[in-house]
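Subject: Structure handover

Hello,

I am passing this structure on to you, with the sequence alongside.

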Amino acid sequence: MLKLHDKAMDDTAALMAGIGRRARAAARPLAIASTEAKNAALNAMADAILANEKNILDANAIDLANGREAGLSAAMMDRLALDAGRIRAIAEGVRAVAALPDPVGTIIAKWDRPNGLHIERVRTPLGVVGVIYESRPNVTADAGALCLKAGNAVILRGGSDSINSSAAIHACLAEGLKSAGLPEAAIQLVPTTDRAAVGEMLKGLSGNLDVIVPRGGRSLVERVQTEARVPVFAHLEGICHLYIDKSADLAMAVKIAVNAKMRRTGICGAAETLLVDRAAAATHLVPVLEALRDAGCEIRADVEVRKLFPDAGAATDTDWATEYLDAIISVRLVDGVAGAIEHIESFSSHHTEAIVAEDAVAAEKFFNEIDSAILLHNASTQFADGGEFGMGAEIGIATGKMHARGPVGVEQLTSFKYRVRGSGQVRP
């Protein structure tokens with residue numbers, strides 16, 4: 001006799017198999033859809049998001065109430081929360097994707113061989129993309145828009161904490177697809193919060209899923225990287241560093257440090273560790289830490305820092321490897337840029353690092369010797385964002401080294417093929 005649990009798993013498997021088949025069927029016409037049709041769908045999506053602001057906010061209110069009842073952290077609640085301004089930003093992000101050049105069909109390179117063959121490398125869609133994410137309902141729109149512009153079908157599996165908000169936004173995306181005559185199955189939202197649905201996606205949906213993008217906490221990303229049978233664009237976490245060099249302009253250092261940590265503490269580009277050149281301890285350390293403290297940041301520091309700034313608590317070994325996603329920062333003195341590089345390479349998640357320095361040689365050394373996806377000079381780590389890079393939006397920040405690294409935008413959601421034109425050549 002079939003157990004109820006087994007039947008539920010079978011039902012989820014059947015549900016996901018159908019979603020996979022529909023996505024694959026939609027991917028074929030989408031791959032050859034015109035730029036005009038894709039842009040019309042995207043702009044219609046943006047219009048629908050703005051027109052349905054009340055519906056989205058009502059759905060979000062349900063998710064927020066559930067989040068409070070479940071005891072979500074302040075950082076998670078911030079990621080989950082929507083308001084009129086954030087909804088406008090979501091719509092603007094979709095329009096920004098529409099305004100981007102269409103990557104599909106772009107000739108990346110071309111050359112001629114001595115035998116007369118003409119060879120072109122041309123961008124093509126990946127096919128069907130699976131996005132598994134937590135908390136952030138805006139990812140529904142960002143991922144849907146980016147995949148559409150790159151000619152991909154996408155299967156979106158949002159977290160249980162944002163299911164109502166994501167469904168309300170997804171309804172707007174479906175409306176945009178329909179209005180432009182594109183298949184509505186091009187952007188599908190998994191309608192269940194059953195964790196078995198994630199398992200089915202990780203298996204590849206019988207060959208119907210080409211790549212998975214996880215966007216969430218460490219446990220989610222580790223599960224995806226461990227179990228996935230298809231390629232994964234992922235980062236484990238954003239342990240981001242800010243280094244203040246002895247040559248740094250003090251006012252700039254203060255401004256950047258406060259912004260990098262406190263603008264939004266719950267995003268992956270928030271600075272988690274502050275490194276200060278030991279040669280600048282007497283001039284730069286205390287003003288920067290006072291500004292952070294006054295902004296409401298808890299400071300955890302090594303012994304040297306605490307001697308100069310007694311308000312700091314003691315940092316433990318785990319602090320250097322912690323993504324707080326909160327108003328907390330770990331602080332250490334280092335021996336110049338070389339010391340900063342050594343610390344970062346020991347503890348970084350290879351997401352984003354920044355240096356504040358007027359010394360161009362120090363900045364160049366920082367850029368050349370640190371192996372992270374994004375490096376900034378005299379700018380806040382909070383710029384680690386596809387929209388800020390002029391990419392319209394992003395699905396996430398990839399920290400691996402294969403195919404995509406840094407913000408994953410429309411170009412990163414394509415592959416390529418070779419077109420070879422001849423005039424009757426045969427190989428001797």
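Confidence. This is a predicted model. The average pLDDT of the chain is 93, and 97% of the residues score at least 70.

Helix H6. This helix covers residues 138–149, which makes 12 residues. From its first C-alpha to its last it reaches 17 Å, close to the 16 Å expected at 1.5 Å a residue. Because 12 of its 12 residues are buried, H6 is largely enclosed by the rest of the structure. The buried residues include Asn 138, Asp 142 and Lys 149, along with Val 139, Leu 146 and Leu 148. After H6 comes Gly 151, which has a positive phi, near 80 degrees.

Largest pocket. Its volume is about 850 Å³. There are 30 lining residues, and those closest to the centre are Asn 138, Asp 142, Arg 263, Arg 264 and Asp 385. Asn 138 and Asp 142 are also among the buried residues of H6. Two or more lining residues come from each of helix H5 (84–99) and H6. H5 has the largest share, with 6 residues. By class, the lining holds 10 nonpolar, 9 polar and 11 charged residues.

Second largest pocket. This one has a volume of about 250 Å³. Its lining consists of 15 residues, and nearest the centre lie Glu 134, Arg 157, Gly 159, Arg 195 and Leu 220. Strand E3 (128–133), helix H8 (195–203) and helix H9 (218–227) each give two or more residues to this lining. The largest share, 3 residues, belongs to H9. The lining divides into 6 nonpolar, 4 polar and 5 charged residues.

Cavity. Searching the whole structure turns up 1 cavity of 30 Å³ or more. The largest cavity holds about 60 Å³ of space. It is lined by 11 residues, with Val 213, Pro 214, Phe 233, Gly 396 and Ile 397 closest to its centre. Strands E6 (211–215) and E14 (397–398) are the elements that give two or more residues to the lining. E6 gives the most, with 3 residues. The classes here are 8 nonpolar, 2 polar and 1 charged.

Regards

How values were computed. Residues are numbered from 1 along each chain as its sequence is written. This is a predicted model: local features need pLDDT of at least 70, side-chain atom pairs count only at pLDDT 80 or more; totals for chains, interfaces and linings use all residues. Side-chain values use heavy atoms; hydrogens and water are left out. pLDDT is the predictor's confidence in each residue, from 0 to 100. Helices (H or I, at least four residues) and strands (E, at least two) are DSSP runs, numbered from the N terminus. The expected span of a helix is 1.5 Å times one less than its number of residues. Buried means under 20% relative accessible area, exposed over 50%, partly exposed in between (1.4 Å probe, protein chains only). On a 1 Å grid over the protein atoms alone, a cavity is a set of points where a 1.4 Å probe fits but cannot get out, and a pocket is an open set with protein on both sides within 12 Å along at least five of seven lines; lining residues have an atom within 4 Å of a point. Grid points are joined across faces, edges and corners, and a volume is the space filled by probe spheres set on the points. Ala, Val, Leu, Ile, Met, Phe, Trp, Tyr, Cys and Pro count as nonpolar, Asp, Glu, Lys and Arg as charged, and the others, Gly among them, as polar.
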